[in-house]
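This report describes selected features of the structure shown below. It begins with the surroundings of an annotated position and then turns to the wider fold.

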Amino acid sequence: MENTIVIATKNAGKAREFRAIFEPKGLTVKTLADFPDLKQVAETGKTFTENATLKATAVAHETQLPVLADDSGLMVDALNGEPGIYSARYAGDHDDAKNNAKLLANLSGVPAEKRGAAFHTSLVLIKPDGKKLVATGEVRGEILTAPRGTDGFGYDPLFYVPAEQLTFAEMGLAMKNQHSHRAKATAAMLPQFDAWWED
Ligand SMILES: O=c1nc[nH]c2c1ncn2[C@H]1C[C@H](O)[C@@H](COP(=O)(O)OP(=O)(O)OP(=O)(O)O)O1
Ligand SMILES: [Mg+2]
């Protein structure tokens, strides 16, 4: 158990990305799928970091294991930063297809040069004793007018990275893990991770 980190997520796409990062470090990765009896944590915070802290704290308390929580979302320039912290529930019920359809509808008629957006991730690591580590990451891109690609999850098929001429759903896991907001937040966190882990 002392090698185990719990990713406080129900999102299989996030879990896959974190496994690819932590398993090569020799850690055993568990997710909320391994703790089916834990109650849902309400994301009632006003910021990504508040929500990640709520998720991490609750799960560390209940599992008595070190926990990483990720709260993330898409901030679209032409929509004044929406859907932001409400990205998962944008169209009501955490349905990726409906969220993407609503995003496209709300951007209809917006020209390419005004379709800029950023993905944000806040990561919060917490141990049962309360020792905490916080890191954030962002990546900019553009929202296409139609989906491209089949990998990834969430808004990935609409999030286009001009420098690579690919959407996140066209990159595949390894390449997305070099470019994504989640990858950048993880990179920001890793230099402090070993000290946090050992302490
Ligand atoms: O890399 C990404 N590629 C595409 N979409 C993404 C990404 N990262 C976040 N997103 C979207 C998915 C969801 O609509 C929202 C996150 O919401 P967020 O509450 O952090 O995650 P979630 O509810 O899916 O899982 P959980 O809270 O159990 O970790 O932003
Ligand atoms: Mg969530």
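## Surroundings of Asp71

Leaving aside residues up to four places away in sequence, Asp71 touches Phe48, Asn51, Ala52, Lys55 and Ser122; contact requires C-beta atoms, placed from the backbone, within 7 Å of each other. Asp71 counts as buried because it has 26 C-beta neighbours inside 10 Å (buried: 20 or more other C-beta atoms within 10 Å; exposed: 12 or fewer; partly exposed: in between; C-beta atoms placed from the backbone).

The unreviewed UniProt entry places the feature "binding site" at Asp71; UniProt positions follow the numbering used here, feature names are shortened, and annotations may be inferred rather than shown by experiment. Asp71 lies in strand 3, residues 67-76 (strands are DSSP runs of E of at least two residues, helices runs of H or I of at least four, numbered from the N terminus).

## Basis of the model

The model is predicted: local features need pLDDT of at least 70 and side-chain atom pairs count only at pLDDT 80 or more, while totals for chains, interfaces and linings use all residues. Residues are numbered from 1 along each chain as its sequence is written, and chains are lettered from A and ligands numbered from 1 in the order in which they are written.

Seven strands form an open sheet of mixed pairing in the order 2-1-3-4-5-6-7 (strands pair if DSSP finds at least two bridges between them). Strand 2 (28-31) and strand 7 (166-167) are at the edges with a single partner strand each, so one side of each has no neighbour in the sheet.

Strand 4 (residues 116-126) and strand 5 (residues 132-143) run antiparallel and are joined by 11 bridges. Leu125 has Leu133 in strand 5 as its bridge partner.

Technical notes. Two residues are in contact if their C-beta atoms, placed from the backbone, lie within 7 Å.
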